[in-house]
Amino acid sequence: MLSVEQISEAGVVGAGGAGFPTHVKLSGKADTVLLNAAECEPLLHKDKEVLRAYVDEVIEGIHLAMHLVGASRGVIGIKEKYQDVIDLLRSRLPSPMEVSLLRDAYPAGDEFILVYDVLHRVIPPGGIPLSVGAVVMNVETALNVARAAQGPVTEKHLSVAGAVAEPVTLRVPVGVTLAECVAAAGGATIPDPNYVVGGVMMGYLEENPQALVDKTTGGVIVLPSDHVVVRRRRRDWKQTVKIGRSACDQCSFCTELCPRWLLGHPIEPHRAMRSLEFNLVGEANVAGTQFCCECNLCSLYSCPEDLDPKNVCTQNKRRRMVEKQRWEDPPFSPQRPDLHMANRKAPMPRLMTKLGLHRFLNVGPLRGELLPAAKVGIKLKQHVGAACTPLVKVGDRVAKGQALGRPPVGNGKPALGAPVHASIDGVVAAMDNGIIWIEKS
Ligand code: SF4
Ligand code: SF4
């Protein structure tokens, strides 16, 4: 049976975007392993496509994870609209694994929401799924766990969507560029393409098309410059403060629909908005921002005034982290989700309408062949934790799967992180800014 050391050696990290080292997650003890197949970011199709194409390996990954954490139960949380994948899963799942059906709402894939929706357990503020006996794994992470005994993570699946000729889910070597992925999707169909990496709700605007795909990249959405998501990402903080200060009428919709508030956590974005009046002074209003999951629902969906409470929350959250201010053991209301969660979710069709996304093809079929690459850039940090220390130098010949870097060792122990590996055969052409460039020879 696979060990956590093999998973560590294979460089498996959370492939859904978080990048938390999987061997650390699977070193805990839990009664349930929950596969996160919710994939609630609009236009992304990668998890469902991977699940369909590699169903037996994903199930094997869940099985291995259950063994490692001592779980007696494995549950796959998937949206009820994916009936063909659900039928496939049900025809393959061994006992004691089961499927749990989710509504087509946002955010369904947030770990806290998923654990509540599937297991009816409320993770306390500041907690993790393990706090309530669960380990949550992304679909592609489970696939990489299943493959860890055969070799390290050198490939990534990602959706390319939005204003592209052929929306698609690609299989690419880690380290190709976003521009290569968009070209593989037939190229942009607009004259001013902007690349939103990760997803329109929680992703970030990448200004450099030559930016690299790493082990956490789940999608690239191409959007025009005048799209609300792009404009919002480009709005500077001074503008956010100026508009928020003058226009927020404290209607509190942002709080009433906030998924973490609905879970009973002490976060109230409408109160955080009050802090703008005092140039971020007023700690009682912002202490709860520590528990913001940055889902962006308040800014891109809930607020009728088009304000940006999410950004106000995250600015306060980051400032408080820098100042080492933490709200330990805050009170919370575990009954609140039972009262409100079911009828306050943001339905995906309505969210798509609000964001003007219906104009794009909402499909992403998997193209199973590996995208060819003549050159890749392997980041030394593709995970939560410390950047890896390089193991190679310029001019070295490397083989696909060879370790290029490992987490640094301090006090006899490796730092939190995961090794990174060559994704093609070639020669180390350059090393700069934490990237090892490999060219096919
Ligand atoms: S929803 Fe908008 S207007 Fe209402 S309280 Fe929140 S930020 Fe202010
Ligand atoms: S981004 Fe807004 S809606 Fe999401 S958790 Fe933070 S405050 Fe709540």
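This is a predicted model: local features need pLDDT of at least 70, side-chain atom pairs count only at pLDDT 80 or more; totals for chains, interfaces and linings use all residues.
The protein contains 18 helices and 21 strands. Its C-alpha trace spans about 60 × 50 × 50 Å along the principal axes. A compact globule of 441 residues would have a radius of gyration near 22 Å, and the value for the protein is 22 Å, so the two agree. Of the 441 residues, 51% are buried. Where contacts join residues at least 6 apart in sequence, 71% of them link residues at least 24 apart.

Four domains divide the protein: domain 1 (4-147), domain 2 (155-227 + 357-370), domain 3 (237-344) and domain 4 (375-439). Between the C-alpha centres of domain 1 and domain 3 the distance is 28 Å. Ten residues from domain 1 and 15 residues from domain 3 take part in the contact between them. On the domain 1 side, helix H6 (residues 111-119) gives the most, with three residues. That side of domain 1 consists of eight nonpolar residues, one polar residue and one charged residue.

Strand E6 covers residues 155-162, and because eight of its eight residues are buried, the strand is largely enclosed by the rest of the structure. The burial holds for both faces of E6: Glu-155, His-157, Ser-159 and Ala-161 lie on one side, and Lys-156, Leu-158, Val-160 and Gly-162 on the other. E6 runs antiparallel to strand E7 (residues 168-173), and six bridges join the two. A hairpin of five residues connects E6 to E7. Within this pair, Ser-159 is opposite Thr-169 of E7. E6 also pairs with strand E10 (residues 219-223), here in the parallel sense and over four bridges. In that pairing, Gly-162 has Val-222 of E10 as its bridge partner.

Another group of strands forms an open sheet of four, in the order E13-E21-E20-E15, with antiparallel pairing. Strand E13 (375-379) and strand E15 (397-398) are the edges, each pairing on one side only. Two bridges hold the antiparallel pairing of E15 with strand E20 (residues 426-432). Val-398 has Gly-426 in E20 as its bridge partner.

The model also holds ligands, and their surroundings can be taken in turn. Around ligand 1 there are 15 residues, of which Cys-248, Cys-251, Cys-254, His-270 and Cys-303 come nearest. Helix H11 (253-256) and helix H13 (269-274) each supply at least two residues of this shell. H13 gives the most to the shell around ligand 1, contributing three residues. By class, the shell around ligand 1 has nine nonpolar, four polar and two charged residues.

Ligand 2 is likewise surrounded by 15 residues, and the closest are Cys-258, Cys-292, Cys-295, Cys-298 and Lys-310. At least two residues of the shell around ligand 2 come from each of helix H12 (259-262), helix H15 (297-302) and helix H16 (309-322). The largest share, three residues, belongs to H16. Eleven residues of the shell around ligand 2 are nonpolar, one is polar and three are charged.

How values were computed:
Residues are numbered from 1 along each chain as its sequence is written. Chains are lettered from A and ligands numbered from 1 in the order in which they are written. A residue is near a molecule or strand if its C-beta atom, placed from the backbone, lies within 6 Å of it. Ala, Val, Leu, Ile, Met, Phe, Trp, Tyr, Cys and Pro count as nonpolar, Asp, Glu, Lys and Arg as charged, and the others, Gly among them, as polar. Domain bounds come from an automatic or database domain assignment. Two residues are in contact if their C-beta atoms, placed from the backbone, lie within 7 Å. The radius of gyration is taken over C-alpha atoms; the globule rule is 2.2 Å times the number of residues to the power 0.38. A residue is buried if 20 or more other C-beta atoms lie within 10 Å of its own, exposed if 12 or fewer, and partly exposed in between; C-beta atoms are placed from the backbone. Two strands pair if DSSP finds at least two bridges between them.
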